[in-house]
Structures are given as C-alpha cells and as structure tokens.
Amino acid sequence: MSFFIKNRKRKPEKSQNKKQKFNDSQNKSDARKPKKRFLGEELDSDSDIESDIEGKKTYSSSEEDIETAQEKKLRLAKQYLSQIQAEEADNLEDEEIHRDIVSHRLKQDILEQTGRLHKQVADDYIPPTIEDITVLRGHQLSVTCIIISSDSKHIYSGSKDCTIIKWDTQTCRKVYTVYGAKKNGGEGHSAHVMSLAISSDGKYLASGDANKEIHIRNPETMEKIKVFRGHRNTVSGLAFRKGSHQLFSASHDRAVKIWNLDEMTYVETLYGHEDAITSIDSLTRERAITAGGRDASLRIWKIIEESQLVFHGHMGSIDCVSLINETNFVSGGDDK
C-alpha cells in the first residue's frame with residue numbers, strides 16, 4: 001500500500017530586507033535619543049563649535065587668497081614702477097613726473113640688462129705716461145690672475161706662490177695677504193692660484209687653484225666662507241653672472257660647473273669641450289662663454305634652453321675669451 005509522508009511545514013524565513021529596515025529604524029531612533037553623558041566627560045561648548053566653524057571659514061578663505069603667477073608679476077611690476085617714480089622724483093626739482101621720464105628709465109634698464117647700453121665716457125683718449133704707471137710688488141712667483149672690484153677701489157691678485165693679495169687702488173699698497181696653506185698659519189690654497197672672480201655686489205670673492213679647489217671668501221675681511229670640490233683637474237677660469245650669486249667654473253677636466261652661492265651648493269655640470277678649457281666669461285643673461293684650448297672651439301652655454309652654440313675660426317689653441325655685450329665677444333689664441 002502506497003503512502004505519502006508529508007514533510008513538516010517550515011517556518012518562513014525573515015527576509016534580509018525586513019532586518020535591514022528594522023536596523024535602520026533602530027539607528028534613527030537611537031539618533032533621536034540624547035546620548036548619555038558620564039562623569040568626567042568633557043562637553044563641547046557652543047564656543048568650541050563656533051571656533052571650529054570659523055577655522056574652516058578662514059582655511060577656505062586662505063585658499064582663495066593664494067596669489068597666482070600672473071598676479072605676482074603684476075604686483076612686482078607695480079612695485080618696480082613706484083620705485084622708479086620715487087627715485088626720479090628725488091632727482092627732479094618739481095614734484096611732477098612725466099611718463100616720458102619713466103619710459104626712458106625703463107628703456108635704459110632694459111639696455112643695461114641686455115648689455116647694449118652705450119655711455120659716453122670721453123671725447124678723446126689720453127694715453128698714460130710712464131710717470132702714471134705704478135708697479136705693485138708683493139708676490140714671490142708669477143702672477144696668474146687679477147680682478148678689480150666693481151667700485152674700482154680694490155685689486156685682487158693671485159699667484160703661483162699660492163697667495164692672494166688685496167690692493168688699495170688709491171694708495172697702491174697691500175691691504176691684506178692670504179698666505180698659502182703650506183706656509184705656517186696660512187689659510188689659503190695649497191697649490192697655484194689660477195683664477196679669480198668677484199660678484200658684482202662685492203659680496204663674494206672666488207678663487208680656483210691647481211689642486212681642483214674653489215675657495216669662497218668675503219672680499220672685505222678676506223675670511224674664508226666655503227670650499228667647493230668637484231673638478232678633476234686645475235680650475236682655470238671663474239665667472240660670476242652679473243647681478244647674481246651664480247658662479248661658473250671652468251677646468252682642465254673639460255667641464256663647466258655651476259654653483260649657487262646663495263645656498264652654497266653645487267647645481268650642475270656642462271660637458272662638450274674636447275680639450276682643457278682655458279677661459280670663461282659671463283654677463284647678465286644666464287649664459288656663459290668658454291674657450292676650449294686645443295679643440296679650437298668657443299662655446300656659448302645656454303643654461304635655460306639646455307643647449308650650446310659652437311664657434312670655430314682659430315687655427316690653434318684659444319687662450320682667452322671675453323664678452324663685449326650679450327651678442328658680441330672677442331677671443332685670442334696662439335695663431336696670432
């Protein structure tokens with residue numbers, strides 16, 4: 001006899017949706033209920049809440065007050081114009097300042113920055129006589145380099161005797177002597193001094209030697225500030241960019257190095273010459289020109305563009321180079 005066994009009826013399971021609804025309603029009810037406070041618990045006062053809101057407001061307002069690059073340029077330009085107007089007002093008897101005077105001053109500044117400003121010094125040139133020439137004696141060996149301060153009050157000379165002498169142009173006498181490190185009590189170079197350079201504001205004096213070192217000094221006190229090392233051969237040339245503390249150094253290791261004296265740090269190295277660099281020069285623009293010795297090339301290093309211009313023309317070693325302005329230069333070599 002066949003028969004059927006009926007299974008017990010299962011209780012219907014509660015759906016997840018109902019549970020979720022129950023939890024949500026419970027959370028809402030809990031949120032409505034005031035939270036219990038315990039003894040010793042700090043309560044947030046209204047002043048604290050207001051201070052938080054004010055802090056958020058000030059933070060958002062500071063974000064809005066951030067100056068853009070264009071606004072900064074405009075602000076600096078206005079400051080520069082107001083400075084020029086103040087300087088010109090001191091020179092004029094009347095308080096009125098015409099636009100022509102300001103525009104003329106701006107043109108003069110641009111020409112000076114680009115190295116194309118021409119000033120009339122004299123109509124005629126009178127050559128010095130033998131009586132006008134003064135010989136300065138003080139070094140024990142050959143003089144290798146010389147530099148004059150921007151105010152023409154002092155002369156600095158370097159020599160193979162490892163010394164640097166500071167001279168007074170009015171009295172033609174020695175002001176200070178930095179003796180070599182090999183001499184007792186000397187704080188100078190330990191090898192031949194081969195190059196000198198002074199910043200346009202007279203704040204730093206740089207000297208390079210045959211021992212691959214660059215010494216930075218205070219031109220007034222001749223106190224040593226810093227020693228740079230990095231070249232692998234004689235430091236043959238030094239040049240400051242006009243109006244800045246950016247220093248270019250050239251060496252017989254065929255490299256040009258850039259140093260930042262504001263932070264007293266090394267910046268980068270430039271390569272390209274195939275022989276020892278004999279001379280270097282720089283003006284206002286962020287560029288330097290070098291003479292490559294036996295590779296018979298002159299190179300203009302464009303720092304911002306990260307490129308270089310190469311010039312040929314000499315038949316032998318190029319021993320010296322000097323910038324006349326930002327577009328013209330002169331060079332000399334052993335090809336006469």
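## What you're looking at

This is a predicted model, where local features need pLDDT of at least 70, side-chain atom pairs count only at pLDDT 80 or more, and totals for chains, interfaces and linings use all residues. Residues are numbered from 1 along each chain as its sequence is written, and side-chain values use heavy atoms, with hydrogens and water left out.

## The chain at a glance

The chain holds 4 helices and 18 strands; helices (H or I, at least four residues) and strands (E, at least two) are DSSP runs, numbered from the N terminus. Of its 336 residues, 32% count as buried, meaning under 20% relative accessible area, with exposed being over 50% and partly exposed in between (1.4 Å probe, protein chains only). Take the contacts (heavy atoms within 4.5 Å) with a separation of 6 or more: 36% of them come from residues 24 or more positions apart.

For residues 270-303, the end C-alpha atoms lie 9 Å apart, and the span is 0% helix and 47% strand.

## Two nonpolar cores

A nonpolar core here is a set of buried Ala, Val, Leu, Ile, Met, Phe, Trp, Tyr and Cys residues joined through side-chain atoms within 4.5 Å. The largest one has 13 residues, and those touching the most other members are Ile214, Ile216, Phe228, Leu238, Phe240, Leu247 and Leu261. Strands β7 (213-217) and β9 (235-240) each supply at least two residues of this core, with β9 giving the most, at 3 residues.

## Strand β15, covered on both faces

All of β15 (residues 297-302) is worth a look: 6 of its 6 residues are buried, so the strand is largely enclosed by the rest of the structure. Ser297, Arg299 and Trp301 are buried on one side, and Leu298, Ile300 and Lys302 on the other.

What does β15 pair with? Strands pair if DSSP finds at least two bridges between them. On one hand there's β14 (residues 287-291), antiparallel to β15 and joined to it by 5 bridges, with Ile289 partnering Ile300. Their hairpin has 5 residues between the strands, and Gly293 takes a positive phi near 60°. On the other there's β16 (residues 307-312), also antiparallel, with 6 bridges; here Arg299 partners Val310. That hairpin has 4 residues between the strands, and Glu306 in the turn has a positive phi of about 55°.

## Aromatic pairs

The structure holds 3 aromatic pairs. Rings of Phe, Tyr and Trp (its six-membered ring) pair if their centres lie within 6.5 Å; planes under 30 degrees apart count as stacked, over 60 as edge-to-face and the rest as tilted. Trp259 and Tyr266 have ring centres 5.5 Å apart and planes at 65°, so this pair is edge-to-face. Trp259 is buried, at 3% relative accessible area, whereas Tyr266 is partly exposed at 43%. Ring pairs link these two and Phe228 into a cluster.

Phe311 and Phe329 are edge-to-face too, 5.4 Å centre to centre with 70° between the planes. Phe311 sits in β16 and Phe329 in β18 (residues 329-333), so the pair ties together parts 18 residues apart in sequence. Phe311 is partly exposed at 31% relative accessibility, and Phe329 is partly exposed at 23%.
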